[in-house]
Amino acid sequence: ARSANRANTSFYTLDPRGLAHTMDVQYNLPAREWGNHIFRTQASLRALAELTGGTAIVNRNDFAASLREINAETSDYYVLGFYTDAPQAGAERTRRLRIEVDRTGAKVRSRELYTFDRVAQP
């Protein structure tokens, strides 16, 4: 996720199982155990999307609508940059980011953290 963020790359993950409400008949598990299995198998999809500013498409059956949302989100956007005021070695490597827009109806989605590469010491 750090490498993706440094490369300005967002992940949009998709669970092709769709809405995983009930288990297949071939499995004989308690419902709670099945629910835990689904949660664990989707956790990495959610984490990767969240950590890179993307979206996880999980527990949805309407893939067409989800893909339209991704298309809309990735078609119109702004890229903002900044210079750190403490780039020296040993400084905080991870910065918390907060983007605010004073415009009615504007929707802001952004990464919450940025991690700098380690600065080589002479």
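Colleague: Where in the chain is confidence lowest, and where is it highest?

Modeller: Confidence is lowest in strand β4 (residues 113-115), with a mean of 74, and highest in β1, at 94. The score here is pLDDT, the predictor's confidence in each residue, from 0 to 100. Helices (H or I, at least four residues) and strands (E, at least two) are DSSP runs, numbered from the N terminus.

Colleague: And what does the chain average?

Modeller: Its average pLDDT is 81, and 84% of the residues score at least 70. Where pLDDT is low, the predicted coordinates should not be read in detail.

Colleague: OK, how many helices and strands does the chain have?

Modeller: Three helices and four strands. From the N terminus on, they run α-β-α-β-α-β-β.

Colleague: What share of the residues counts as buried?

Modeller: 19% of the 122 residues. Buried means under 20% relative accessible area, exposed means over 50%, and partly exposed is in between (1.4 Å probe, protein chains only). The chain exposes about 9900 Å², and carbon and sulfur atoms supply 51% of that. Those areas come from the Shrake-Rupley method with a 1.4 Å probe; for residues, only the protein chains shown count as cover.

Colleague: Let's do α2. How many residues does α2 have, and how far does it reach?

Modeller: α2 has 22 residues and reaches 32 Å from its first C-alpha to its last, close to the 32 Å expected at 1.5 Å a residue. The expected span is 1.5 Å times one less than the number of residues.

Colleague: Where is the kink in α2 centred?

Modeller: On Gln42, and the kink is about 35°. The bend at a residue is the angle between axes fitted to the seven residues ending there and the seven starting there.

Colleague: Which residues in α2 are buried?

Modeller: Trp34, Ile38, Gln42, Leu45, Ala49 and Thr52. An α-helix has 3.6 residues a turn, so residues three or four places apart point the same way.

Colleague: What covers the buried residues of α2?

Modeller: The cover includes α1 (2-6), β1 (13-14) and β2 (56-57).

Colleague: Zooming in on Thr52: why does Thr52 count as buried?

Modeller: Because its relative accessibility is 0%. Leaving aside neighbours within four places in sequence, Thr52 is in contact with Ala1, Ala4, Asn5, Thr9, Ser10, Phe11 and Arg111. Contact means heavy atoms within 4.5 Å. The side chain of Thr52 also reaches the backbone nitrogen of Phe11 at 2.9 Å.

Colleague: And what follows α2?

Modeller: Gly53, which has a positive phi near 85°.

Colleague: Back into α2, then. Is Arg46 buried or partly exposed?

Modeller: Arg46 is partly exposed, because its relative accessible area is 31%. Not counting residues up to four places away in sequence, Arg46 touches Thr13, Phe39, Ala56, Val58 and Asn59.

Colleague: Where does Asn59 sit?

Modeller: In the loop between β2 and α3 (63-75). Asn59 is not a glycine, yet its phi is positive, about 55°. At 31% relative accessibility, Asn59 counts as partly exposed.

Colleague: New topic: Asp15. Which side chain does Asp15 join in a polar contact?

Modeller: That of Arg17, at 2.8 Å. A polar contact is a pair of N or O atoms within 3.5 Å; within protein, one must be able to donate a hydrogen and the other to accept it, and residues adjacent in sequence count only if both atoms are side-chain atoms. Asp15 is found in the loop between β1 and α2, and Asp15 is buried because its relative accessible area is 4%.

Colleague: What else is Asp15 in contact with, leaving aside its neighbours within four places in sequence?

Modeller: Gln42, Leu45, Ile57, Val58 and Phe63. Gln42 is the residue on which the α2 kink is centred.

Colleague: And how far apart are Phe63 and Leu14?

Modeller: They are 49 residues apart in sequence and 8.7 Å apart in space, C-alpha to C-alpha. Phe63 lies in helix α3 and is partly exposed, with a relative accessible area of 23%.

Terms used: Residues numbered from 1 in each chain as written. Predicted model: local features only at pLDDT ≥ 70, side-chain atom pairs only at ≥ 80, totals over all residues. Heavy atoms only, no water.
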